[in-house]
Amino acid sequence: MSGVATSMDQSSSDRPPRRAPWWRRVGIAPLCAIVILAVMILAAVFAPLVAPYNPNSPDLLAALQGPSAAHPLGTDALGRDTLSRLIYGGRTTLLGPIVVILLSTVLGLLLGVAAAWRGGSIDTVISRIVDVLFSIPGIVFALVTVAILGAGLGSVVIGLTIAYTPYAARVIRGGALRERRMPYISAAWIQGRSGSTIARRHLVPNIRPLILAQAVAALGFAVIDLASMSFLGLGVQPPTPDWGLMVKSGLDSAVRGQPTEVIVASVAIALFVGAVTVLGDRLSTGVNK
Amino acid sequence: MSWPRFLVKRVLALLVVLLVASLLVYGSLYLAPGGPLSFLVGTRSATPELIAQVTAQYHLNDPFLVRYFTWLADVLHGDLGRSLVYREAVSSLIASRFLTTLLLVVYATVLILLVGLGTGIWAALRRGVAGRVVTGWNAASLSTPAFVLGALLIVVFALGLGWFPVYGSGSGFGDRLWHLTLPAIALALSSAAYLSRISSASITSEMGKEHVETAMSRGLPRKLVVRRHVLRNASIPVITVVGLTIAGLVAGTVVVENVFALDGLGSLLVRAILQRDYAVVQAIVLLLTIVFVLVNLIVDVLYSLVDPRLSLDGDAL
Amino acid sequence: MHTAKPLAIAATLALTASLAACGGSGGGGGGSSSSSQSASGLTLTQVTRAAVGDIDAVAWNLPYEPSTIDPSHSFNYSENTVIANMCESLLRQNPDFSTSPALAKSVDHPNPTTWIYHLQENVKFWDGKPMTSQDVAYSLNRGLDPDVGSYFGSYFTNVKDIKATDASTVTVTMKAPDVLFNQAMSTAAGAVVQEAYTKSAGKDFGSPSKGVMCTGPFTFDSWKSGDSLVMSRNDAYWDSPLKAKAGKLTFRFISDETTAVNALQSGEIDGEFFYLPPAGLSSLKSSDAGTLYYGDSLIFWALLGSAETGPMADPKVRQAFSLAVDRPGMAKVVFQDAAEPAKALTNPAYFTYGKPIFQAAYDALPSIKPDLEKAQQLLKEAGSPTQPITIAIQGSSAVHEQTGALLKAAGEALGLTVNIKSIPVEQYGAIYYDPKAREGIDAFLSTWYGNVPDPLDVYAAFVKGGPNNFNNYDAVSSQVEKARTIDNDDERATQVSQIMTTVTNDAPWVPLETLPVLAFLNKRVTGATVSSVYLYYPWAAALGKSG
């Protein structure tokens, strides 16, 4: 993360001329990404209004069907509507990662800002802890947590939060360190404001774009990790609809000759992660400009 | 800083990491609801024999730090404890599954190097349509999780076209490789895309440098310039990425082995978690961490060898 | 790629199975080979076509690694599949569910509380030592010994003592008459192990390091934990018609269904008994590598109640549950047609005596048709309970997961709250014998079977305080106790069929499906027994080269 030296007001001068239409400024790909994410998240939030069927009610006469007018994305091994399960599945699939990112960003912010602001031994201790956490693969945290607390969405969220906090802390510490050297901070000092006020009122708002970029980039990985854990049978438990679980049960259906479910769930995950990645890239180029 | 000092410092740091990791793995037992004994016994019938075995294995009657160091000493002597489920030494459980995981990681690494570097160099030197195709391919690969890719590979190449076996590890070297092909692809693809992206960007930036443009304008053969100046300098960031990627693969096998039902360490780990067979969990987690940390160390050393301009004082761990 | 053709499946299946059954008789020792047509059109087989000759080595897969091969702890599929070929019992269940003498050449029953077993002469253990009446008495006494903790202990509850009365006779004296005791002598409860070896092996008896010492057609060879268990032909076997045709039988432990199906297709493995249909069942049906058989079976799929309090402890709630389940749909979709809707726990294959009496009672049971209105009515009478019901299912099993999802949906359609709890396969067994593992679980799915073909054996679970009476259902307890004392077949059948009617109505266990044994045999081998007696009969003895 080199050259993350910009604050909000400074980067405004780097923006393209005002004449360019807003969608050009954002870019076509990020725009598509926003639309995809909005559709997926809204569908998950309003699932009861949008989903054509109850995601858990089986229809044994309609099991293992391909796409049709009644079931646009086919049905699973029990005749449950795949589209409805996809829509409801978005809830667990997306809620878990969002909670992980919120928690790890808040923790990372506290650790990162404390380290950068206080410096000295506090910085050394925090940085060493972060370094050690870094040298253990992220999914290992999730696995150990599940081993201790038992399989379930909650355990996985706790484990991944521990795994993701060091990333957030390291990026935020870097940003906060650079910001701390800026003249406006010294000016505030001279005005006699307290350290915590300056950190809260000036520093944090100025590194907000950086925090956002980091959080969005991490969200993609969190979706992958959580869905992987559910796929392994360690996260969300059946029969709750979930994209990772749908890939798992869809594989069995594919062995029985009906690959629609596994393809649908796979595409949904890849599309969401892809959209998040594009958006994350756009946000971090904005920050790095 | 001198070389020996640099190495000593790095190895010491590595030992600290491993010590902390082992403390975390051992100590996490005490966070389990109901305490370590009830956790380790789990839903099994708490027969006196089982309680005695578990108590002895984890030294549960001693104070915490004593317990921890006794356990650590056992581990350092190669005694990883006994599995409560398989009624067998953990070390022999691991030994019999190690080869599959190793083969898978090596196979995936070869694929990553071939595909990642190949497409990266190609895209950077050709630009134009080729560059855009590779960029698009990389973006798609990066957003597809390994288990999703594995599932799709099974659906298309094993169930649909029937070119590859659906599941299992196979027997005999050739057959094993054949069985491991789809898993290795699933494991390698996103890392290959990342490597491709980094190497392409790195080459592009080297190509734009003054000395390269000068060499070209003086009429030196393009191939020579690319080989002598561009690729050598561009290799520095690439080595880092390769190293981190291999370290990441070790964790990635956990997922991929389960998709393809391979009998490696990753599937053993997941089964052990589901069965609450904590001795096995501890051993594999420690092993994964050791490999992860060792690979990072090797990368650091290589990095400083390839680029003597870098100081040996860098504070990155 | 295969496409799902549900209609074609039933037809193909009947055809394959009947072609396979055409080969005629196989197996010695009294095994006849008939095949019968089931109610829903499955053709059920008992013995596969006879082998034409010996074979050097056969590889067989087990659904999971056995936990032990000590007969007194063999109460499950993998364990029994192995032990049945090594350790013989006093009596033998044959592939057609009849019973014949084995290590006991005859049985006297001079009065209701005495069983006298006259032992076969010239039977030797694998190490060449003769089997003595001491060995037999020692083996049976293990069933009484709390330190051994035999899983068959409930058959020994009425036993007073077991003594070797002379060199070739063992006499069992009962505290109270119990017909199930003698029947159980045809299961692993009556298995004979060598006293000296068992004592010297101590706690390691039945483990990978020590194995067992028995008299059966196969000898224990080696067991590499996590890899394989090997048994070899016993060349000195006493009962020549059942002498093993295979020189060596290697058991593998591939627990992943699809890997196993793949290995069967590729011929890496010669055969496997599936107790639940794998996802790849249709590819086995149409496989060129071998034949899929549907074996006559005592096995059933049921929801076993384990709640002593809460909604599931109320018979009305269980009845409502039972009425809400679509059993034919479940057979078709979850079991890929390899199941038959069950209206009672015991299907007619159990009716090996007093058949007309049982059949009449069975026919009078209510039909399996779902009746949501009646179910709602029953729930209202039960006070419309709101506490959640937790149903345990076995993890990584599609059949368990799907049945769990169906039960959840059925319960929720009635307004009940149903939670599904997934438990890994290796821990699932603990639910049966460990009350601690059942804490917080109101009911669990099970592939249960009677150890002997007598409905009483299944309903005997419902005695007060019995180890398998998971929800302490005691409405038939005294009737069961009484039935166990009735020697006369027809009288007992009358008593047991009343029990069947009461239990079916109260649904302490909710019957769901009757499950045929699914057995796949590679085309290079044949002769194996495929009816569910493979759990206690040396099913692999006649397994040999195919013609």
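Residues are numbered from 1 along each chain as its sequence is written, while chains are lettered from A and ligands numbered from 1 in the order in which they are written. Because the model is predicted, local features need pLDDT of at least 70 and side-chain atom pairs count only at pLDDT 80 or more, whereas totals for chains, interfaces and linings use all residues.

**View 1. Chain B is built from helices.** Here chain B shows twelve helices and zero strands; helices (H or I, at least four residues) and strands (E, at least two) are DSSP runs, numbered from the N terminus. Along its principal axes the C-alpha trace of chain B spans about 85 × 60 × 35 Å. Of its 317 residues, 43% count as buried, where buried means that 20 or more other C-beta atoms, placed from the backbone, lie within 10 Å of the residue's own, against 12 or fewer for exposed and anything in between for partly exposed. Among contacts in chain B with a separation of 6 or more, 70% come from residues 24 or more positions apart; a contact means that the C-beta atoms of two residues, placed from the backbone, lie within 7 Å.

View 2. Chain B is divided into domain 1 (3-76) and domain 2 (92-316), with bounds that come from an automatic or database domain assignment. Their C-alpha centres lie 32 Å apart. Where they touch, twelve residues of domain 1 of chain B are in contact with twelve residues of domain 2 of chain B. On the domain 1 side, helix 1 (residues 3-27) of chain B gives the largest share, eight residues. By class, that side has eight nonpolar, three polar and one charged residues. For these classes, Ala, Val, Leu, Ile, Met, Phe, Trp, Tyr, Cys and Pro count as nonpolar, Asp, Glu, Lys and Arg as charged, and the others, Gly among them, as polar.

**View 3. Chain A touches chain B.** This contact takes 34 residues from chain A and 38 residues from chain B. On the chain A side, helix 6 (120-134), helix 7 (138-149), helix 11 (208-231), helix 12 (243-255) and helix 13 (260-288) each supply at least two residues. Helix 13 of chain A has the largest share, eight residues. The chain A side divides into 26 nonpolar, seven polar and one charged residues.

**View 4. Two helices of chain A cross.** Helix 3 (residues 28-45) and helix 5 (residues 82-118) of chain A pack at an angle of about 100°, with their axes 7 Å apart. Axes are lines fitted to C-alpha atoms, for helices over the stretch in contact, and angles run from 0 to 180 degrees between N-to-C directions. The two helices are therefore roughly perpendicular to each other, a label for angles of 65 to 115 degrees, with under 35 counted as roughly parallel, over 145 as roughly antiparallel and the rest as oblique. Look for A:Met40, A:Ile41, A:Ala43 and A:Ala44 of helix 3 meeting A:Ile87, A:Gly90, A:Arg91 and A:Leu94 of helix 5.

**View 5. A four-stranded sheet lies in chain C.** This open sheet has the strand order 6-7-9-8, with antiparallel pairing; two strands pair if DSSP finds at least two bridges between them. The edge strands, each pairing on one side only, are strand 6 (104-108) and strand 8 (159-166) of chain C. The twist averages 20° from one strand to the next. Four bridges join strand 6 to strand 7 (residues 114-119) of chain C, and C:Asp108 has C:Ile116 as its bridge partner in strand 7. Helix 3 (residues 133-142) of chain C packs on the sheet, touching strand 7, strand 8 and strand 9 (169-174), and its direction makes about 170° with that of strand 8.

**View 6. Strand 19 of chain C has neighbours on record here.** Five of the seven residues of strand 19 (residues 443-449) of chain C are buried, so this strand is largely enclosed by the rest of the structure. Strand 15 (residues 299-305) of chain C runs antiparallel to strand 19 and is joined to it by seven bridges, with C:Phe300 partnered by C:Trp448. Strand 17 (residues 389-394) of chain C pairs with strand 19 in the parallel sense over two bridges, and there C:Ala392 stands opposite C:Phe444.
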